[in-house]
Amino acid sequence: MTISLVNVSYVYNKNTPIEKKVLKRVNLEINLNEVIYIVGKTGSGKTTLLYLIDFLIKPTSGIIYVDGKSPYDNPDKYRKNIGFAFQFPERQFFSETVKDEITFSLKNLNIDNVDKRLEYVQRILDIDDEMLTKNPFKLSGGEQRRVAIASAIVHDPEILILDEPTVSLDYINEARIITFLKEWSNIKNKTLVIVTHDIEKFKEIPGKVYYLKKGKLIRSDSIGI
Ligand SMILES: Nc1ncnc2c1ncn2[C@@H]1O[C@H](COP(=O)(O)OP(=O)(O)OP(=O)(O)O)[C@@H](O)[C@H]1O
């Protein structure tokens, strides 16, 4: 799956006194097997850009294509191929147990092999059986982050989008996430889009780097390629 943004602009509260132009004529192509980093200061529009890439919002102007077609006629069809872990995991949780949280999308998308898929994400994200029985809202920050990512990848999407996956994690949890990302990015036909304000942390995972500055998306030197 290739996602293309062509001259995409985004304005919050357009034509009101609190209008805020966030993205200005952004061009970006996300191809299969790529790792893409989006870096920028706080408030530069990184999360807004991710919402556009997941078709959660529509551009104010410009066009988004998926494999040459508009995703907005049937966004769920295309979203099946995308996993999104938000910056604040507790805002994406809604289940009473970690197991229900992780397996929700499998039931929702009518995917079989629930046990196998669950086992896989438990292994790759270091989630033990005891954690499965816990309330996701009561986990530590590092555990919540792993559960959020597990929920985002359990249906085996092609594209994984992560908003600040390592922010406010201790060293051990950060290392776990980096190890997972290395493993996942090496799987064939997977694409990774990572928003971060700290690109240094990801230097072991080669990828293209883009900077968001004053609403413009600028290609920078790649890391590790
Ligand atoms: N729903 C909204 N309504 C109005 N303005 C918004 C809304 N969401 C975000 N903004 C504003 O748009 C700008 C970009 O926000 P965004 O969250 O995309 O930035 P960011 O780069 O992800 O920031 P951070 O690194 O702090 O998470 C900010 O100035 C923010 O205040």
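Helix α1 is mostly covered, with six of its eight residues buried; a residue counts as buried if 20 or more other C-beta atoms, placed from the backbone, lie within 10 Å of its own, as exposed if 12 or fewer do, and as partly exposed in between. The structure is a predicted model, in which local features need pLDDT of at least 70 and side-chain atom pairs count only at pLDDT 80 or more, while totals for chains, interfaces and linings use all residues. Residues are numbered from 1 along each chain as its sequence is written. Helices (H or I, at least four residues) and strands (E, at least two) are DSSP runs, numbered from the N terminus.

**Confidence**
- The protein averages a pLDDT of 93, and 99% of the residues score at least 70; pLDDT is the predictor's confidence in each residue, from 0 to 100.
- Within the protein, strand β1 (residues 3–12) has the highest confidence, at 98, and strand β9 (residues 216–223) the lowest, at a mean of 87.
- For the complex, the predictor gives an ipTM of 0.98 and a pTM of 0.93.

**Ligand shell and helix α1**
- Of the 14 residues around the ligand, those that come nearest are Y12, T42, K46, T47 and T48; a residue is near a molecule if its C-beta atom, placed from the backbone, lies within 6 Å of it.
- Two or more residues of the shell come from each of β2 (20–30) and α1 (46–53).
- The most is given by α1, with three residues.
- The shell comprises two nonpolar, ten polar and two charged residues; Ala, Val, Leu, Ile, Met, Phe, Trp, Tyr, Cys and Pro count as nonpolar, Asp, Glu, Lys and Arg as charged, and the others, Gly among them, as polar.
- The buried residues in α1 are K46, T48, L49, L50, L52 and I53.

**F55 and D76**
- D76 lies in helix α2 (residues 75–79) and is exposed, because 10 other C-beta atoms lie within 10 Å.
- Although 21 residues apart in sequence, D76 and F55 are 9.0 Å apart in space, C-alpha to C-alpha.

**Open sheet**
- Six strands form an open sheet of mixed pairing, in the order β5-β6-β7-β3-β8-β9; two strands pair if DSSP finds at least two bridges between them.
- At the edges stand β5 (82–85) and β9, each with a single partner strand, so one side of each has no neighbour in the sheet.
- Strand β8 (residues 207–213) pairs with β9 in the antiparallel sense over six bridges.
- S220 in β9 is the bridge partner of V209.
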